[in-house]
Amino acid sequence: MEVRRATLTDVNNVAALAIQVWLDTYAPLGVRSTMSDYVFSELSPERFQFFVHSPTHALLVAAEKAHIVGLAVVSRNSTCPVDTTPRPELDKLYVQPALQRRGVGRQLLRAAEAECVTWSLPALWLAVWEHNQRAIDFYEGCGYAAIGAAEIHLGPEKHRNLVYQKSLAS
């Protein structure tokens, strides 16, 4: 498996994978309007095309035999909701459900951290839905520490996310 920067030819596959993983994680009981609105605005091919072109983002993909099996989006200068300090954020990390727990997420996370080091940025933060225990365990196992919580909005709905951070200084 290779982890690399995404190209424009990847964006449709990346969007399809992101939608699949997001719905698998957050909509196990079905889809409602707030969910479909989010998916079609934030996980569209056009949104991922923006990340490919953006100098302030890195869109990374894990590919195996010409199939996209995972993705990560790093935002170079995102405001951390805990202390409002701008710094790099792991905005998304999605892995094909059948390939979870096989090292794909760790490889993508290492590549995202390497992007931050390349940008000479010393830490990476991320937010995880408080009920996504599998993701919480994953990030804690990779050395991320909880630094607070933040509320996110999905349409009129409010959801609590836990905010994690890891120092990348050597």
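How do the residues of the lining of the largest pocket divide into nonpolar, polar and charged? Good morning. Before I answer, a word on the model. It is a predicted model, in which local features need pLDDT of at least 70 and side-chain atom pairs count only at pLDDT 80 or more, while totals for chains, interfaces and linings use all residues. Residues are numbered from 1 along each chain as its sequence is written, and side-chain values use heavy atoms, with hydrogens and water left out.

The lining divides into 24 nonpolar, eleven polar and 13 charged residues. Here Ala, Val, Leu, Ile, Met, Phe, Trp, Tyr, Cys and Pro count as nonpolar, Asp, Glu, Lys and Arg as charged, and the others, Gly among them, as polar. A pocket is an open set of points on a 1 Å grid over the protein atoms alone, where a 1.4 Å probe fits, with protein on both sides within 12 Å along at least five of seven lines; lining residues have an atom within 4 Å of a point. Of the 48 lining residues, Tyr26, Leu93, Tyr94, Ala127 and Asn132 lie nearest the centre of the largest pocket. Strand β4, residues 86-95, gives the largest share of the lining, seven residues. Strands are DSSP runs of E, at least two residues, and helices are runs of H or I, at least four, numbered from the N terminus.

Let us turn to asparagine 132. This residue lies in the loop between β5 (123-129) and α5 (133-141). Asparagine 132 counts as buried because its relative accessibility is 17%; buried means under 20% relative accessible area, exposed over 50%, and partly exposed in between, with a 1.4 Å probe and protein chains only. Leaving aside neighbours within four places in sequence, asparagine 132 is in contact (heavy atoms within 4.5 Å) with Thr25 and Tyr26.

Next comes glutamine 96, in the loop between β4 and α4 (104-118). With 21% relative accessibility, glutamine 96 counts as partly exposed. Residues up to four places away in sequence aside, glutamine 96 touches Leu17, Gln20, Val21 and Val69. The C-alpha atoms of glutamine 96 and valine 69 are separated by 5.2 Å, although the two residues are 27 residues apart along the chain.

Finally, consider two loop residues. Threonine 84, in the loop between β3 (67-79) and β4, has a positive phi of about 55° although it is not a glycine. Threonine 84 is exposed, with a relative accessible area of 56%. Serine 120, in the loop between α4 and β5, has a positive phi near 60° and counts as exposed at 64% relative accessibility. Thank you.
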